[in-house]
Amino acid sequence: MAPARHLLNIGFGNTVVADRIIAVITPGSAPIKRLREEAKAGSRLVDATQGRRTRSIIVTDSNHIILSAIQAETISQRLSADITSGD
């Protein structure tokens with residue numbers, strides 16, 4: 001039987017497997033913008049903003065980049081709460 005995967009809500013009904021997240025970062029700096037463009041060129045970019053402004057970028061262990069309209073701090077708090085709850 002496969003182990004249960006814990007899903008993290010990243011806004012607007014979108015979820016990500018919490019164990020696969022490497023980093024949650026803000027999209028402001030030039031290196032992050034390059035990372036986003038490289039992911040787009042390599043078909044590794046997932047836009048989960050539902051047309052809203054990108055407020056955080058999630059990097060996964062599969063090298064996919066996920067855009068979210070939720071603040072990076074909020075996502076980090078949700079992730080921390082999931083880790084401390086012991087699920």
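Strands here are DSSP runs of E, at least two residues long, and helices are runs of H or I of at least four, numbered from the N terminus. This is a predicted model, where local features need pLDDT of at least 70 and side-chain atom pairs 80 or more, while totals for chains, interfaces and linings use all residues. Residues are numbered from 1 along each chain as its sequence is written, and side-chain values use heavy atoms, without hydrogens or water.

Now the sheet. β3 and β5 (residues 56-60) pair in the antiparallel sense over four bridges; pairing requires at least two bridges found by DSSP. The open sheet has four strands, ordered β3-β5-β6-β4, with mixed pairing.

Next, the core. A nonpolar core is a set of buried Ala, Val, Leu, Ile, Met, Phe, Trp, Tyr and Cys residues joined through side-chain atoms within 4.5 Å, and buried means under 20% relative accessible area with a 1.4 Å probe, protein chains only. The largest one has 13 residues, and Ile21, Val24 and Ile75 are among those touching the most other members. Three of its residues come from α2, the largest share. Which residues does Ile75 touch, not counting those up to four places away in sequence? They are Leu8, Ile10, Val24, Ser56, Ile58, Ser68 and Ile70, with contact meaning heavy atoms within 4.5 Å. Apart from this core lies another, of six residues, including Ile32 and Val59.

Key:
Buried means under 20% relative accessible area, exposed over 50%, partly exposed in between (1.4 Å probe, protein chains only).
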